[in-house]
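Colleague: I'd like to learn how to read the packing in a model like this one. Could you walk me through it?

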Amino acid sequence: MQQKEFITMVSPFKDKIFRLAKRLLISTEEAEDATQEVMVKLWTKNETLSELRSMEAMAMTMTKNYCLDQLKSKRAGNLTLVHTNYTDSQASLQQKLEDVDSWSWVEKIMNDLPEQQKLIIQMRDIEQYEFEDIAKTLGMSEATIRVALSRARKTIREVMTKTHNYGIK
């Protein structure tokens with residue numbers, strides 16, 4: 001595989017790799033390093049990539065594994081998820097403030113979820129991956145993915161309901 005072919009094949013999902021790495025590692029610099037590391041690993045395997053059914057799934061799995069290795073080696077207990085791409089251009093100032101506050105609460109709740117549920121929420125609800133792809137990437141069954149996603153969403157919903165109904169009887 002030539003360099004131009006490789007670039008053409010990885011360009012469509014390079015941003016997804018970065019977003020997943022940023023979600024897991026938080027630091028933009030570390031996410032850029034992770035993205036670059038995954039691209040180098042893919043390039044070293046460029047002769048066997050054409051045999052893969054989904055190079056994107058392979059890249060996402062490599063990214064997840066690399067990031068988790070980095071977290072284990074540096075700061076295993078310091079995993080946080082941050083989502084800063086949320087904007088609503090049509091909302092009023094009051095609505096924008098409420099949205100920011102609500103998203104802040106969701107982030108806090110997500111931080112308290114087990115690591116597996118965080119990854120599944122990230123991949124399904126934010127990155128919009130299909131259950132089949134998530135199952136392959138995480139090495140789990142689709143049924144397990146669905147159960148974990150349901151539990152994570154239920155936890156977020158319950159805590160948000162408590163938060164918004166605080167003081168109301």
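Modeller: Start with contacts, meaning heavy atoms within 4.5 Å. In this chain, residues 24 or more positions apart account for 67% of the contacts with a separation of 6 or more. The model is predicted, so local features need pLDDT of at least 70, side-chain atom pairs count only at pLDDT 80 or more, and totals for chains, interfaces and linings use all residues. Residues are numbered from 1 along each chain as its sequence is written, and side-chain values use heavy atoms, leaving out hydrogens and water.

Colleague: How many helices and strands are there in the chain?

Modeller: Both are DSSP runs numbered from the N terminus: helices are H or I with at least four residues, strands are E with at least two. Here there are seven helices and zero strands.

Colleague: At what angle do helices α6 and α7 cross?

Modeller: Axes are lines fitted to C-alpha atoms, for helices over the stretch in contact, and angles between N-to-C directions run from 0 to 180 degrees. Under 35 degrees counts as roughly parallel, over 145 as roughly antiparallel, 65 to 115 as roughly perpendicular and the rest as oblique. Helix α6 (residues 131-138) and helix α7 (residues 142-164) cross at roughly 100°, their axes coming within 9 Å, which makes α6 roughly perpendicular to α7. On the α6 side the contact includes Phe131 and Leu138, and on the α7 side Arg146 and Leu149.

Colleague: Which residues form an aromatic pair?

Modeller: Rings of Phe, Tyr and Trp (its six-membered ring) pair if their centres lie within 6.5 Å; planes under 30 degrees apart are stacked, over 60 edge-to-face and the rest tilted. The count comes to one pair. Phe6 and Trp43 are edge-to-face, 5.1 Å centre to centre with 70° between the planes. Phe6 lies in α1 and Trp43 in α2, so the pair ties together parts 37 residues apart in sequence.

Colleague: Is Phe6 buried or exposed?

Modeller: Buried means under 20% relative accessible area, exposed over 50%, partly exposed in between (1.4 Å probe, protein chains only). Phe6 is buried at 7%, while Trp43 is partly exposed at 36%.
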